[in-house]
Amino acid sequence: MRRASWFNITSLTLGFAFLYLPMVLLVFYSFNSSKLVTVWAGFSTKWYGELIRNEAFLDAAVVTLKVAVISSTLATILGTMAAYVLVRGGKFMGRTLFSGMVYAPLVMPEVITGLSLLLLFIGIGLDRGVLTIVLAHTTFSMCYVSVVVSSRLVTFDRSLEEAALDLGCSPFDAFRLVTLPIIAPAVISGWLLAFTLSLDDLVIASFTTGPSSTTLPIKIWSAVRLGVSPEINALSTIMIGVVTVGVIAASLISKHRTVKAQHDLQAAERGTS
Amino acid sequence: MNIRRFILIAVPYAWLLALFFIPFFIVFKISLSDLALAIPPYSPTVKDGIFNMLSAFDFENFTFLASDDLYWKAYLSSLKIALISTIFAVIVGYPMAYGMARAPDEWRPTLMMLVILPFWTSFLIRVYAWVGILSNEGLLNQLLLWLGLIDAPLTIMNTTTAVYIGIVYTYLPFMILPIYAALDRLDESLIEAAEDLGCSRTKAFWLVTVPLSRNGIIAGCFLVFIPALGEFVIPSLLGGSGTLMIGKVLFEEFFNNRDWPVASAVAVVLLLILIVPITLFQRNQQRQAEADT
């Protein structure tokens, strides 16, 4: 019994309008030719041109991408290991502390994480720069990866792994040949999540960065503190565009895969009956 | 013990110990030291000898926090702002989650994607989008003036109202998703049974649907309340000097006043305040995980 009632349609429409209108307006006004952002003075793409010619932004974008690729890859490896330990590790000493450390960073205020990491880096005499941002980002995003991957591992049929072990696989081969292909979608979405978290982070990067490595959010922050800027609107539009295309593509791929899996299942059932 | 299993546990364990757990003790240590004109800008340090360092520690920074009005007010106003925003997020988020759970099956993947999409979009940009809307000559005031609803522009930017809007807006998906997950699992025959037994639709909603989605509401509230409490970007960008929040105070203490010991003390107290909701949240998550298996 699923009918769309008027109440539900209204609450969804208003809710999504609230979620999307600000972004739509931001995109719209990035094509405004006026420097005054709230006064419409005709269509223009000149702010995109200014943005591309702005080398400080380009440099920051390169640093940000470098940090995001390295930290999300490390976070995916560590986070998948942590998820495996939590779901399949059984009992070991300090398990409670371990699961606490995996879940706590998810809700820890960024100012505390940033401050504590900075004080650590100063304490051990590590120069602040790309390396320290990578270490910081890996630490908090591995926890997100671990949550995503462990939710997949929990629903995963353990007898498949046991069958592989019975048939002579080593535990490592069983993981590589059976478990990993099945949890791969979760691992990939974990990587993507870690990547976007790293691209997005302002507070932790502000604490752990050095003078030579400014990331894009830090650059955006110093620009928007002075008020609305059309260049930032253009940059935001590009970022929103990339994310939108990515998310839509990912959901189409997963939909395609589900449909295909259903077809395969039906074909298999026809074959056996 | 198998060596592979040992490595599997030890590597992520050691990483989190070194980069998440131990740093808290360093923050605590520095909160006990004094501001100094040195690099790093606090004293004593380990270089002064362990014994000298320990004997020079005191709780001066904490008594300073307690005596200065600014910090008390900042903690209280953060709690208030986080609490009120959480309530608004439930009011906005619950009907959306309910609408999604009741939507026809073929709509659901699209609706789900629409909720998740803002997750992937830059947090900073989503907060920034409101600057152009809420400012005095912004789009909201232009619209209201044009409609004739107001005669003079409303001051929303740089007030607490703007911070509420910002928090509800950015954290809304965190509220919707757990409530939706709870409502999606809900057995609809229970509602039908309540209606068959003479409940009105509204009554069945309050007596059956809401209690059964309680875990989702609780999870959503924690996911909004806890990060909102230490929020820095939203009060700085939308609240301006008109809002006092502890995350902002900590950031400014560190970067503008360069007083590391006081900033550390602020962090220690914030952490102590957060221990209660974080423990409750983890217990709620564990209970839910046990209920699922």
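Student: Why does B:Pro173 count as buried?

Tutor: B:Pro173 has 22 C-beta neighbours inside 10 Å, and a residue is called buried if 20 or more other C-beta atoms lie within 10 Å of its own, exposed if 12 or fewer, and partly exposed in between, with C-beta atoms placed from the backbone. The count of 22 therefore makes B:Pro173 buried. This is a predicted model, in which local features need pLDDT of at least 70 and side-chain atom pairs count only at pLDDT 80 or more, while totals for chains, interfaces and linings use all residues. Residues are numbered from 1 along each chain as its sequence is written, and chains are lettered from A and ligands numbered from 1 in the order in which they are written.

Student: Which residues does B:Pro173 touch, and where is B:Pro173 found?

Tutor: B:Pro173 sits in helix α9 of chain B, where a helix is a DSSP run of H or I with at least four residues, a strand is a run of E with at least two, and both are numbered from the N terminus. Apart from residues up to four places away in sequence, its contacts are B:Val115, B:Ile116, B:Pro118 and B:Phe119; two residues are in contact if their C-beta atoms, placed from the backbone, lie within 7 Å. B:Leu237, by comparison, is 64 residues from B:Pro173 in sequence and 21 Å away in space, C-alpha to C-alpha.

Student: What makes B:Leu172 count as buried?

Tutor: B:Leu172 has 22 C-beta neighbours inside 10 Å, and so B:Leu172 counts as buried. B:Leu172 also lies in helix α9 of chain B. Once neighbours within four places in sequence are set aside, its contacts are A:Leu19, B:Ala89, B:Val92 and B:Gly93.

Student: What is meant by the largest nonpolar core, and which residues touch the most other members?

Tutor: A nonpolar core is a set of buried Ala, Val, Leu, Ile, Met, Phe, Trp, Tyr and Cys residues joined through C-beta atoms within 7 Å. The largest one here has 149 residues, and A:Leu115, B:Ala97 and B:Val266 touch the most other members. Helix α9 (residues 160–185) of chain B supplies the largest share, 17 residues. B:Ala97 itself touches B:Ile176, B:Ile179, B:Tyr180 and B:Leu183, leaving out residues up to four places away in sequence.

Student: How do you know which element of chain B gives the most to the side that touches chain A?

Tutor: The contact takes 73 residues from chain B and 63 residues from chain A, and helix α1 (residues 3–31) of chain B gives the most on the chain B side, with 17 residues. That side holds 57 nonpolar, 10 polar and six charged residues, where Ala, Val, Leu, Ile, Met, Phe, Trp, Tyr, Cys and Pro count as nonpolar, Asp, Glu, Lys and Arg as charged, and the others, Gly among them, as polar.

Student: How does the radius of gyration of chain B stand against that of a compact globule?

Tutor: Chain B has 24 Å, whereas a compact globule of 293 residues would be near 19 Å, the value being taken over C-alpha atoms and the globule rule being 2.2 Å times the number of residues to the power 0.38.

Student: Which residues of chain A does UniProt list as "transmembrane region"?

Tutor: The unreviewed UniProt entry lists several spans, including residues 12–31 and 99–124 of chain A; its positions are given in the numbering used here, feature names are shortened, and annotations may be inferred rather than shown by experiment. In the model, residues 12–31 of chain A are 90% helix and 0% strand, with end C-alpha atoms 29 Å apart. Residues 99–124 of chain A are 88% helix and 0% strand, with end C-alpha atoms 26 Å apart.
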